[in-house]
Amino acid sequence: MKIGFIGLGVMGEPMARHLRAAGHDLALWARRPESAAALVAEGVPLCATPAELAAHSEVVITIVTASADVEALAFGPNGLAAGFVPGAIHVDMSTIAPATARALAARYAERGIGWVDAPVSGGGRGARDATLAIMAGAEDETLARVRPLFEVLGKRIVHIGPPGAGQVAKACNQMIMVSTIQACAEAVRLANAHGVDVAAVRQALMGGSAGSKVLEVMGAKMVERDFAAGIEARLHHKDFAILMDEAAKLGAPLPVAAQVWQQLNALMGAGWGRDDTASLLRVLEP
Amino acid sequence: MDVGFIGLGLMGRPMALNLIKAGQRVHVWSRRRESMQPLLDAGAGDCASAAEVARQASITISMVADAPDVEQVTLGADGIADGASAGHIHIDMSTIAPAAAQSIAARLAARGIIALDAPVSGGEPGAIAGTLTIMVGGDADACARVQPLFAAMGKSITRIGEAGAGQVAKACNQIITGVGVASVAEALNFAARSGVDGARVREALLGGFAYSRILENHGQRMLARNFKPGFKAWMHQKDVRIVMDEAHRLGLALPMTAATMQLFNAMAGSGLGEDDSVAMLELFERMSGGAGE
C-alpha cells in the first residue's frame, strides 16, 4: 500500500520502519526535515508539503503532539485535505481531544475522505517491538482497510466505536496509567520514609494484587532513580489537560485524576517536563 | 457621563440600573431585545449594535458570560472597536481568563481603546444593592476617570495592577469562595449525619475562627435549603475551570481547587448545574446516602 507518514519521533520512526519492512511503499513529510534524514538516506522519498504527500498516498499516518498540530496538518495551508483524492484515509495515531477527532472526521467525510483515530499505548518500547495496543475510532469499512497496517504495528487492535471513540479510550488509558504512576510513587516514597528496601518491596508487590505494568516499568525507574525519559512527562501533562477539560464539559467528577493533574502541574513547575513521568516521585520529596 | 452597557443578565441589569440611578446617561444593546426592556423603561438609550453603543458613549461596560463573548462584543463585527473614537475606555466586568483579558486589552489598545478588566464579587444581591467588590486591572489614570461609575455599582474598589490583574484577583476570589462553599457544605452535612442541628453549629461557629461570609450567607441558604440562584453552579464551575487552566499553564499545583472543580463537575452532571452553588449540600447528601434527618 502507498503510505504517507508524518511524525518521526520516538514513536513514529520505529513505526514507519515496521511498515516499510512489511513491504509497504512509504513516503514522508517532516516539519523539521532533519528528523527524516535517516529514512531519507535509506531511500524513502520526502515530500515538500503534506498536500503533496497526501496526493501520493492511499493512507497517511500522523503521530504528532497536539490537537492543533493535527488540525494544521489536515486542513491548514498545503494540508493533507488539499492533496487527498476521495477514498483516501487519514489515520491519526496522536493523542488528541475526542472532540477534535470527531470534527476532523466530519470535515473529511464531506469530501469522501476516510478518518481513523488510532491512538496507541505501549510507549517507545511498544513501538520498537511492534507490540502497541491500538484503540481505533472509525467506521467499520474504513477500519477494515487499514487493519492490516495496524497488525504490522501492534498486537492488540480494538475497534472502540465511531470516530473519536479511540481518543476516549486513550483518555481512559492515560487516566489509569498516570494515576497508577502516582500511586507507585507514593508507595516508593512511603517505603523510603520507613527506611525499607524499596527494590525488595517492589519485587514482592509484583507477585500480588498490586502488581501492574506501571509498577514493573515505572516502579523500576523510581527504584533506580532513573528519571531519563521513556515518555516525557510534559506529554502526560498535556493529555491530562485534555481529559480534565472534557470531564468538566461532560459533568463527570474525576477526583483522583484531578489530584494527579496537580502533581503533574507541580512536576512541570519544577522543570522536569522533559524527564520521565517517574519524576512524580520527586514531587513527593520537596 | 454617557456610558454604554452590554450584557443585561442577572448581574448586568441591576448594575446598569444603578448607573442610571446615579445620574449617568446609559446606552444599551443586547442580542436578546427583551433583556433590554427594563433598562429602556428606566430611560436608557436604545442602540442597534455594540458599535452604536460605543458611538453614543465615551465609556462602555460589558458584563457577559465568557471570553469569546467579550471578544465578540469588543472586536467582533459591529463591535465596540468599530464604533469607538480614540481615547474610548472599555471596562469588561465579566469573569474571564487573565490571559484572555490581556490579549483583548492589547488588541483594543492597538485600535486606540483603553481597556480595563474589572470583574466583581458579591453576586446578584451585591449588584442590586450597589455593594459589589470590584477588582481592577489596567491603566491607573483610566481607572481613576471611571471611579464614579465603579462607585455607583460597588463599595470596595481596588486597582490590583496592570491589564489582567483584576482577573487574577477574581481567580483568587473564586478559589476561596469555591473551596469555601464546598467546606461549609461538607461541615453542615457532617453535622446532620452526626445527628446534630446544623443551624446551631453554624450559630456557634460564626463567633470563632471558622467565621466567614460564606458560612454566614451560603451556610444560611444551605440550612434553609434555598438553592435558588444567586450564582449558578455551572457558572462557578466555569470560573474554577479558568483557574485550573491557568494553573496548568503555570505549572502550579492547586489541589484544593482541583477537588472542588470535580464537585462542580458532579453537580453539572447530576442536574444541579442550574441551582445555586449552595446546592453542593445536596450533592454531598446524595454521596452519603441521603439527607441527615
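I began with burial in chain B: 52% of its 293 residues count as buried. Buried here takes 20 or more other C-beta atoms within 10 Å of a residue's own, exposed takes 12 or fewer, and partly exposed lies in between, with C-beta atoms placed from the backbone.

This is a predicted model, so I noted its limits: local features need pLDDT of at least 70, side-chain atom pairs count only at pLDDT 80 or more, and totals for chains, interfaces and linings use all residues. Residues are numbered from 1 along each chain as its sequence is written, while chains are lettered from A and ligands numbered from 1 in the order written.

**Overall form of chain B.** I found 15 helices and 9 strands (DSSP runs numbered from the N terminus: H or I of at least four residues, E of at least two). The radius of gyration is 20 Å, close to the 19 Å from the globule rule for 293 residues, so chain B is as compact as a globular protein of that length. That radius is taken over C-alpha atoms, and the rule is 2.2 Å times the number of residues to the power 0.38. The C-alpha trace spans about 65 × 45 × 35 Å along its principal axes.

**Domains.** I looked up the assignment for chain B, which gives domain 1 (2-163) and domain 2 (169-287); such bounds come from an automatic or database assignment. Their C-alpha centres lie 28 Å apart. I see 11 residues of domain 1 in contact with 11 residues of domain 2 (contact means C-beta atoms, placed from the backbone, within 7 Å).

**M135(B).** I placed M135(B) in strand β8 (residues 132-137). M135(B) is buried, because 27 other C-beta atoms lie within 10 Å. Beyond four places in sequence, M135(B) touches A118(B), P119(B), T158(B), I160(B), G166(B), A169(B) and K170(B). I also checked M93(B): its C-alpha is 9.0 Å from that of M135(B), 42 residues apart along the chain.

**Core.** The largest nonpolar core has 182 residues, and A16(B), V28(B), M267(B) and M280(B) touch the most other members.

**Side facing chain A.** I see 19 residues of chain B in contact with 18 residues of chain A. Helix α14(B) gives the largest share of chain B's side, 10 residues.

Conventions. A nonpolar core is a set of buried Ala, Val, Leu, Ile, Met, Phe, Trp, Tyr and Cys residues joined through C-beta atoms within 7 Å. Two residues are in contact if their C-beta atoms, placed from the backbone, lie within 7 Å.
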